[in-house]
Structures are given as C-alpha cells and as structure tokens.
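Please examine the structure below with attention to its aromatic pairs, its nonpolar cores and its surface.

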Amino acid sequence: MKLAKLRERPQRIAVIGFGRFGQFIAKTFQKYGEVVAISRSDYSSEAQQMGVEYHPLSELSSLLPKLDVVVLACSILSFEKTVSTLFKSIPSTTTADLPLVVDVLSVKEHPRRVLLNKIPPHFDILCTHPMFGPESGKNGWSGLNFVYERTRIAGVVDYGTESATASQLKTADTDYAVDRCERFLSIFEEEGCKMVNLSCEAHDTAAANSQFITHLVGRILGRQGLDYTPIDTKGFESVMKLIESTNSDSFDLFYGLYKYNANSMDTILKMKRAMDDVEEGLKIMEREDVNAPGWGGGGMGGEASLLDL
C-alpha cells in the first residue's frame, strides 16, 4: 500500500552534498522519486552517470519551491556552516511552499539544535540517522537500523524525550506536512529498515555507548599495528574486521562523533578507567605469584612485568 502511494505521487528529493554517502542514498531514492543532486563541488558527471538532475549550490534558493524534500548529506564538521550559508538568503517570514529538511548525521542533538536555530520556522524538520553506509548497506538496507525524530512538522516542535508519532501530530490542518514526512520515511520502510522512532537526546546517549565506543576501540587497536597471522582465532579475525571497518572512515568523522556528542567524553573516561582496572587486576595476581613459595621473584622468569612500570 505504501509503495503504491509513493509511486502514485513520487517525491522530488534534493540531496545536498553529493559525495560518497550522498550518491549512496540517492541511488535508492531514485526507485521512489525524482532525485536532484546539489553540491558545492562539481559532481555533474557522477550525477549524469546516475541519471540524476544536477545543480550547483548557488541555485538552491530558486529550486526550493519545486522540491518536496531536501536531504543534507554534508559532514558533521561542516554542517552548521553549510546550513547557515544555505538558508541565510531565505526570509524568516516567508510563506512560500517550502520542502521538508532532513539531516542524516551520525550525531543528532547537534543538527537538531542548528536546524531549529538557523532555518526559518516554516521549514519542517526531520532528524534522522541511517545507521549504515556504502559498505554495510551495499547489499541492501533490509534489517538495518534507521533512527528518526519528527523534530518540527507543521510548526509542531517535538520537545519530548521520545519522538512524536504521526498520529500525535495530526491535531490541526497538518495533513499535507504529515503526509510528506511519512511518505519520505516510507522509503526506508519499503527497503526493509528497522524503523527506530527515538528522540535526538536518547539517540546520542545510546550512540556514545555503541557507535562511538566501536570507533574508539577500532582506532585504538588500529594504532597498535596489528596484522593477520597464520594462527588467528575467529575472535582475532573479528578484531581485524573492526579495525578495518572503523579506520576506513575518515578521522574527521571520528572527531565529529567525539566533538558533537556530549556523551563521548564520558565514554572515553570510562574506557580509561576500565583499562586501569584490568591492569590493576593483573598486578594483584602478579604480586601473589611473586610472593608464592618457589617463585623466586624477579617477575615472569626475569622478563618484563607490570610491577616494573
């Protein structure tokens, strides 16, 4: 039913930032609507190869009334500057038909705050996090998490700890705005994503203890220069896959996950305390071994010992 509605009234979706991730999501959007690529850098040849309409960033203002949805696929670090630049020429009092604005960043409270403060109040806002990318989603999106918050739909701002539902928003003459938002979300439903309706605050709390710590551990282990050996266990193979997947992302992304999630520093401190606790546990057992009859002292056979540090 939803697929039929999507195809009956296909949306015109602009992807701003047509780099690797922007192209990745645009390929799927093409199945459900008309895609417009907009970017500061020249991606006209890539857009042409995909059969996507391309416009330079300077033409955005004139395109806005012709769009249903604008997806901001820029980096975490450039997000605020990009939003400020894109919307500064649009009067805050405009009543023209304006598209739904969607962010797809890996952090959520930061873009939520920027969008609510920087763009005119007549724009609807949907904050999302597709928890997959060109590698993890290369074989399809089925079963992969898609987190979203209906941040501001038809002027209704969600201030709750849990994201508002579509039925809660249908309180006035909001049918068009709600329908547009739901039809966009239906793209991810039709692709088989696990739809997670979650507030931006709750997302960032959970992400610090899942996504960020995954990247943190992968980066730490990557600095050790680990490599495959002829006797690798399955566990070690999993470690190497973690290193490869996290270090294939840019360090800018990792820094963005740290800088723009207020919970990330707490995760780092807990990691440090956990390392200290593990080291102390080894020291306690080593002291017991050193003091045991027949040990003879001097650490492990005269070799390096944590007690020597």
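Me: How many helices and how many strands are in the protein?
Reply: The model is predicted, and its chain holds 309 residues, of which 43% count as buried. Its secondary structure comprises 12 helices and nine strands.

Me: What share of the contacts with a separation of 6 or more is accounted for by residues 24 or more positions apart?
Reply: The contacts considered here are those with a separation of 6 or more in the protein. Among these, the share from residues 24 or more positions apart is 67%.

Me: Is the pair formed by the rings of Phe 146 and Phe 188 stacked or edge-to-face?
Reply: A search of the whole structure finds 15 aromatic pairs. In the pair of Phe 146 and Phe 188, the ring centres are 3.8 Å apart and the planes meet at 15 degrees. Planes under 30 degrees apart meet the criterion for stacking. The pair is therefore stacked.

Me: How many residues apart in sequence are the parts that Phe 146 and Phe 188 tie together?
Reply: Phe 146 belongs to strand β7 (residues 145–153), and Phe 188 belongs to helix α8 (residues 175–190). The pair therefore ties together parts whose separation in sequence is 42 residues.

Me: Are Phe 146 and Phe 188 buried or exposed?
Reply: The cut-off for burial is under 20% relative accessible area. Phe 146 has a relative accessibility of 0%, and Phe 188 has 2%. Phe 146 and Phe 188 therefore both count as buried.

Me: Which residues do ring pairs link into a cluster?
Reply: Phe 146 and Phe 188 are members of a cluster linked by ring pairs.

Me: Which residues touch the most other members of the largest nonpolar core?
Reply: The largest nonpolar core has 35 residues. Helix α5 (residues 79–87) supplies the largest share of this core, four residues. The residues that touch the most other members are Leu 72 and Leu 115.

Me: With which residues is Leu 72 in contact, leaving aside its neighbours within four places in sequence?
Reply: Once neighbours within four places in sequence are set aside, the contacts of Leu 72 include Leu 115.

Me: Which element gives the most residues to the nonpolar patch?
Reply: Leu 77, Phe 251, Tyr 255, Tyr 258, Met 265 and Leu 269 make a nonpolar surface patch of about 510 Å². Two or more of its residues come from each of α11 and α12 (264–291). The element that gives the most, with three residues, is α11.

Me: Is the pair formed by the rings of Tyr 255 and Tyr 258 stacked or tilted?
Reply: Tyr 255 and Tyr 258 lie three residues apart in helix α11 (residues 251–259), so about one helical turn separates them. Tyr 255, at 36% relative accessibility, and Tyr 258, at 34%, are each partly exposed. Their ring centres are 6.1 Å apart and their planes are at 45 degrees, so the pair is tilted.

Key. Residues are numbered from 1 along each chain as its sequence is written. This is a predicted model: local features need pLDDT of at least 70, side-chain atom pairs count only at pLDDT 80 or more; totals for chains, interfaces and linings use all residues. Side-chain values use heavy atoms; hydrogens and water are left out. Rings of Phe, Tyr and Trp (its six-membered ring) pair if their centres lie within 6.5 Å; planes under 30 degrees apart count as stacked, over 60 as edge-to-face and the rest as tilted. Buried means under 20% relative accessible area, exposed over 50%, partly exposed in between (1.4 Å probe, protein chains only). A nonpolar core is a set of buried Ala, Val, Leu, Ile, Met, Phe, Trp, Tyr and Cys residues joined through side-chain atoms within 4.5 Å. Contact means heavy atoms within 4.5 Å. Patches are made of residues with over 30% relative accessible area and no salt bridge: like charges are joined within 9 Å, nonpolar side chains (Val, Leu, Ile, Met, Phe, Trp, Tyr) within 5 Å. Accessible areas come from the Shrake-Rupley method with a 1.4 Å probe; for residues, only the protein chains shown count as cover. A salt bridge is a side-chain nitrogen of Lys or Arg within 4 Å of a carboxyl oxygen of Asp or Glu.
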